[in-house]
Amino acid sequence: MRVLGIESSCDETGIALYDSEKGLLAHALYSQIALHAEYGGVVPELASRDHIRKTLPLINEVLAEAKLTRADIDAVAYTAGPGLVGALLVGSAIGRSIAWALDVPALAINHMEGHLLSPLLEDNPPTFPFVSLLVSGGHTLLIDVQGVGQYELLGESIDDAVGEAFDKTAKMLGLSYPGGPILAALAEQGIVDKYTFPRPMTNRPGLDFSFSGLKTFAMNTWRDSEQTDQDQADVALAFQTAAVETLAIKCKRALKQTGRRTLVVAGGVSANKALRTRLDAMPNTHVYYPRPEFCSDNGAMIAFAGAMRQSAMTKQAVPTFSARPRWPLDELSSP
Ligand code: KG4
Ligand code: ZN
């Protein structure tokens with residue numbers, strides 16, 4: 001079965017074709033970073049309009065790359081949530097319409113499930129069960145994963161997501177958008193242990209996170225410094241080290257609590273090199289990640305999640321759909 005995947009939940013239009021026998025056939029991504037950069041963050045209405053402009057041309061590009069035509073599409077998987085409602089409606093409307101026109105099944109995919117399953121696109125993929133750490137701009141989740149659709153929430157952020165804290169700290173330091181990867185690059189110039197930031201919520205039991213205090217701590221440290229280039233790098237490093245260490249402490253705790261030995265990390269922040277180095281050093285644990293280009297939003301993970309849920313692909317006689325700005329992972333069920 002060849003599944004067309006459409007991702008449009010935020011500021012990236014991602015399109016891919018995944019073949020259940022041959023694997024990933026082609027994928028393309030259009031990032032709206034330049035569009036939103038001058039506003040310092042994603043402008044939802046501009047995002048929706050840009051998805052409208054880019055989705056169909058990218059589908060044609062992906063079909064051409066795979067040397068296929070629309071008639072070769074067996075099913076359509078599209079992101080139906082969570083995300084920006086206008087952006088989600090674009091992908092959902094186009095996905096449903098294409099499926100209806102081609103008379104093939106369509107499937108609404110949960111964006112976070114897409115991230116969660118994305119490491120399974122790699123060679124030597126992890127096998128179930130495992131603990132998943134999902135770290136993106138909107139979510140910080142620890143999930144016990146028994147199989148596709150069998151997700152038990154172990155912990156989550158009670159305020160800012162870790163990616164959001166990276167972005168807000170970067171903005172406060174005067175870095176451009178999107179701040180996460182820029183702050184991470186700057187941290188490489190920082191002096192180790194110049195500042196030590198707290199590891200929030202690690203000295204009490206539980207698997208929830210809180211990152212907004214860390215962001216404030218960074219802000220106060222920066223304000224009280226001389227604000228030289230070196231200070232900027234030192235604050236970036238101290239923030240990143242504290243965020244990474246906090247995630248690692250909770251991952252270790254989650255693995256111990258569940259008795260799992262496999263940790264699967266995904267979402268935009270899983271591209272962070274310091275995080276990977278820290279998690280790779282955890283004893284008796286196998287850690288899996290997506291390839292760097294599939295850490296952030298992409299169509300491949302949506303096409304793949306669709307293929308993994310093949311049996312749930314029922315034909316829709318009527319092209320109706322709904323988008324879900326909020327859609328907790330533990331509401332999903334097995335295909
Ligand atoms: O998964 P994603 O592309 O979109 C959402 O679903 O939110 O994640 C984007 C987030 C942003 O907050 C971005 O700054 C962060 O991932 N990010 C990073 C890095 N690369 C992306 N954060 C820290 N270090 C990185 N290298
Ligand atoms: Zn995402």
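Modeller: In sequence, the donor residues of the zinc ion (ligand 2) follow the spacing H-x3-H-x181-D. The model is a predicted one, and in it the protein donors of this ion are His-111 through NE2, His-115 through NE2 and Asp-297 through OD, at 2.0 to 2.1 Å from the zinc. Distant parts of the chain are linked by the pair His-111 and Asp-297, which stand 186 residues apart. His-111 belongs to helix H4 (residues 111-117), whereas Asp-297 lies in the loop between strand E10 (286-288) and helix H10 (300-308). Both of these residues, His-111 and Asp-297, are buried. Donors are counted within 2.8 Å of the metal and water is not among the atoms, so the site may look incomplete.

The setting of the site is as follows. Ten helices and ten strands form the secondary structure of the chain. Its radius of gyration is 20 Å, close to the 20 Å given by the globule rule for 335 residues, so the chain is as compact as a globular protein of that length. Along the principal axes, the C-alpha atoms fill a box of roughly 60 × 45 × 30 Å. Of the 335 residues, 54% are buried. Among contacts with a separation of 6 or more, 72% are between residues 24 or more positions apart.

As for the surface, the chain exposes about 14500 Å², of which carbon and sulfur atoms supply 52%.

Methods
Residues are numbered from 1 along each chain as its sequence is written. Chains are lettered from A and ligands numbered from 1 in the order in which they are written. This is a predicted model: local features need pLDDT of at least 70, side-chain atom pairs count only at pLDDT 80 or more; totals for chains, interfaces and linings use all residues. Side-chain values use heavy atoms; hydrogens and water are left out. Helices (H or I, at least four residues) and strands (E, at least two) are DSSP runs, numbered from the N terminus. The radius of gyration is taken over C-alpha atoms; the globule rule is 2.2 Å times the number of residues to the power 0.38. Buried means under 20% relative accessible area, exposed over 50%, partly exposed in between (1.4 Å probe, protein chains only). Contact means heavy atoms within 4.5 Å. Accessible areas come from the Shrake-Rupley method with a 1.4 Å probe; for residues, only the protein chains shown count as cover. Donors are N, O and S atoms within 2.8 Å of the metal (3.2 Å for Na, K and Ca); water is not among the atoms, so sites may look incomplete.
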